[in-house]
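Please keep the structure in view while reading.

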Amino acid sequence: MSDDPSTERESTRSRRFFSRARDWALPVAVVLVAAGIGAAGISSGLANRDRPAGETPATTAAPADLSSCPVTDGKTLAPASGVLFGINSDLDTKPLSTYAAELGHKPAVAVSYLDFPYGDQDRDRLKDTAAKVRADGRILLLTLEPNRDLGSVTPEVAATLAQDLSGINAGGVPAIVRFGHEMNGFWFPWAQQPLEYKAAFTRVADAVHAGAPGSAMMWAPSYAGGYAYPGRQYGVEAGSADFAALDTNSDGALNTADDPYAPYYPGDDAVDWVGLSLFHWGSTYPWGDNEVPEAGKFAEQLTGNYNGANGDERSLPDFYAEYAVNHNKPLAIPGTAALYNPGAGGAAEAGIKQAWWQQVFSPKTREQFPQLKMLNWFEWDKDEAEVGGRIDWTVTSTPAIRDSFAAALPGWLEYGGGTGCGTGGS
């Protein structure tokens with residue numbers, strides 16, 4: 001999914017997605033059948049990209065002046081108990097205050113996206129978003145997308161980011177930087193380049209940790225069902241150093257037997273949070289049918305234990321155990337939601353979405369995953385190239401669904417309320 005406000009960029013990504021869908025079936029099926037794996041397994045990895053299309057461009061008004069405030073240590077943003085509840089949405093069209101009125105709680109986390117390196121216009125947009133968070137939220141989750149190339153993320157660029165974040169932190173808004181998310185897929189230009197990705201992530205982390213101590217770094221791949229997606233647009237070149245790094249079992253091939261996460265991990269010093277994009281796109285590929293999630297799917301995919309309608313994906317590592325527990329990092333689900341296709345038959349919207357949020361908000365989730373510290377809901381109604389039509393991911397658009405969702409929010413979630421620091425507004 002993408003949320004780039006640029007029409008030209010969106011058109012390019014649409015062509016990319018349709019091209020991927022068109023040439024998907026035959027080459028991937030051949031590879032997976034040879035490996036004894038159903039083609040459906042690969043699709044769940046694609047399903048988890050959490051950046052929506054059509055975000056409203058930033059307003060042209062001057063950004064709010066953020067007054068100096070006490071800076072919260074970025075290392076302490078994970079709550080000691082409870083889980084931060086956040087919203088991934090277009091905050092210009094629907095502000096955090098509206099979500100607060102609809103759900104009865106102000107989201108603690110607001111997700112925003114910027115090309116990186118960025119220019120003056122995006123810098124103003126960043127400050128404007130920070131002002132919105134200061135008024136009605138708690139933490140900014142800033143997703144940086146190195147669409148130009150990873151080499152453009154120089155120490156100087158990283159230092160400028162840190163300076164901007166330092167000003168935002170001083171204005172009362174803590175920030176978590178999610179750099180180059182879903183790097184283990186093939187749908188972004190920074191994908192499947194583990195060596196340069198780790199170097200670029202580390203450059204950003206070093207600058208942020210040194211220059212913006214009120215901010216933190218998040219490493220967040222995509223759930224990797226069907227990895228390693230051979231032959232795709234941003235796939236790795238055979239024989240390259242990156243290929244060797246991704247061939248974790250040294251058998252000369254990239255497939256589901258290779259670790260889809262470890263080659264991209266920049267190291268404990270660089271990473272403060274770990275995250276995993278995790279969506280319900282349906283039961284089997286190709287997507288587009290309205291299908292109720294299987295019981296236990298959320299937890300099984302998070303732990304590498306999924307074996308269901310979309311195939312046997314138990315070759316995947318246990319992401320939670322490896323990165324949240326073994327590396328002792330707070331875990332975020334930066335975006336999650338369940339697919340509803342208004343143009344298709346099948347299961348009802350309420351049944352699909354409720355079945356998913358019941359899993360996410362289950363008491364078992366809190367008990368099984370004590371390192372889970374952030375859940376961000378994906379609130380977009382948009383066209384999806386993978387489906388060839390509009391998909392409504394939202395839980396607030398329909399009053400009855402919204403009220404049921406609000407009633408289901410568990411007591412262990414933590415919310416926002418504004419930072420209570422500084423003056424000014426957007």
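Strand β9 (residues 331–336) is joined by four bridges to strand β10 (residues 372–378), the two running parallel, where strands pair if DSSP finds at least two bridges between them and count as DSSP E runs of at least two residues, numbered from the N terminus like helices (H or I, at least four). Within this pairing A332 stands opposite M374 in β10, and A332 of β9 also stands opposite G275. Strand β6 (residues 273–275) runs parallel to β9 and is joined to β9 by two bridges. Six of the six residues of β9 are buried, so this strand is largely enclosed by the rest of the structure; buried means under 20% relative accessible area, with a 1.4 Å probe and protein chains only.

The model is predicted, with local features needing pLDDT of at least 70 and side-chain atom pairs pLDDT 80 or more, while totals for chains, interfaces and linings use all residues. Residues are numbered from 1 along each chain as its sequence is written, and side-chain values use heavy atoms, without hydrogens and water.

A search of the whole structure finds 31 aromatic pairs, meaning rings of Phe, Tyr and Trp (its six-membered ring) with centres within 6.5 Å, stacked if the planes are under 30 degrees apart. Two stacked pairs are tabulated.

| Pair | Centre to centre | Angle between planes |
|---|---|---|
| F179 and Y197 | 5.9 Å | 25 degrees |
| F188 and W190 | 4.4 Å | 15 degrees |

F179 lies in strand β4 (residues 175–179) and Y197 in helix α7, so their pair ties together parts that are 18 residues apart in sequence. Both F179 and Y197 are buried, and F188 and W190 are buried too.

Methods. Buried < 20%, exposed > 50% of the residue type's maximum accessible area, 1.4 Å probe, protein only. Phe/Tyr/Trp six-rings, centres within 6.5 Å; stacked < 30°, edge-to-face > 60°.
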